[in-house]
Amino acid sequence: MTAYVALLRGVNVGGRQLKMTDLKAFADKLGYECVRTYIASGNLLFVSSAAEAEVKDQLQAALKSHFGKPLEVMIRTAAEMKAVADANPFADEPGNRVVAIFYDEPQSDEAIDSVRNVDDERLALGKREIYVHFPSGQGRSKLKLGGKALGTARNMNTVAKLAELAREME
């Protein structure tokens, strides 16, 4: 059995509303164990014997059925989520000013090089993440990431909490 964190992209913003009780119900219906959510931004924690690709497909199918259109889900194990928190290259900065943008696949230097509208932001590659430090705050930033891959961002306070909660489930 593996403890997983599922990070949903674009829920509870721009009209895509999803109650966390509904998200939990989807996961329960899929047979996952120890299911819980964390804050209303689309964070799901659970335990499953299925492989990462299978839980991703299952969740995306359930969410597509609910919304009537695809919704991206990034999956990480408890160990991977801890590794993301531990690898934060901007660990000396406030956790609410640094995000990890999660992707399915590793990103290349090209993803960093293609960024537009950089002001005071700093970026760094992770394994399957891009870290961004927003000194002036994410809400004020005009930063635009290049590339075709879809990702979803969580601030480092959330990443650390998800890592802690996932480790407790192992």
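Because the model is predicted, local features need pLDDT of at least 70 and side-chain atom pairs count only at pLDDT 80 or more, while totals for chains, interfaces and linings use all residues. Residues are numbered from 1 along each chain as its sequence is written, and side-chain values use heavy atoms, with hydrogens and water left out.

Helices (H or I, at least four residues) and strands (E, at least two) are DSSP runs numbered from the N terminus, and two strands are taken to pair if DSSP finds at least two bridges between them. Strand 2 is joined to the antiparallel strand 3 (residues 43–48) by 3 bridges, and Glu 33 stands opposite Val 47 in strand 3.

The hairpin of strand 2 and strand 3 has 5 residues between the strands, and in it Ile 39 takes a positive phi near 45 degrees. Ile 39 is partly exposed, at 44% relative accessibility; buried means under 20% relative accessible area, exposed over 50%, and partly exposed in between (1.4 Å probe, protein chains only). Asn 117, not a glycine either, has a positive phi of about 60 degrees. Asn 117 is placed in the loop between helix 4 (109–113) and strand 6 (122–125) and is partly exposed, with a relative accessible area of 46%.

A further open sheet has 4 strands in the order 6-7-5-8, again with antiparallel pairing. Strand 6 and strand 8 are at the edges with a single partner strand each, so one side of each has no neighbour in the sheet. Neighbouring strands here are turned by 25 degrees against each other on average, direction ignored. Strand 5 and strand 7 pair over 5 bridges, and Ala 100 has Tyr 131 in strand 7 as its bridge partner. Helix 5 lies across strand 5, strand 7 and strand 8, running at about 85 degrees to strand 8.

In helix 3 (residues 78–86), the buried residues are Ala 78, Met 81 and Val 84. Seen down the helix axis, these fall within an arc of 120 degrees and so line one face of helix 3, the arc being that of the directions from the helix axis to the C-beta atoms. They pack against strand 1, strand 4, strand 5 (98–102), strand 7 (129–133) and helix 5 (156–169).

The lining of the largest pocket comprises 26 residues, of which Ile 101, Gln 138, Gly 151, Thr 152 and Ala 153 lie nearest its centre. On a 1 Å grid over the protein atoms alone, a pocket is an open set of points where a 1.4 Å probe fits, with protein on both sides within 12 Å along at least five of seven lines, and lining residues have an atom within 4 Å of a point. Strand 8 (152–155) gives the most to this lining, with 4 residues.

Conventions: Contact means heavy atoms within 4.5 Å. Axes are lines fitted to C-alpha atoms, for helices over the stretch in contact, and angles run from 0 to 180 degrees between N-to-C directions.
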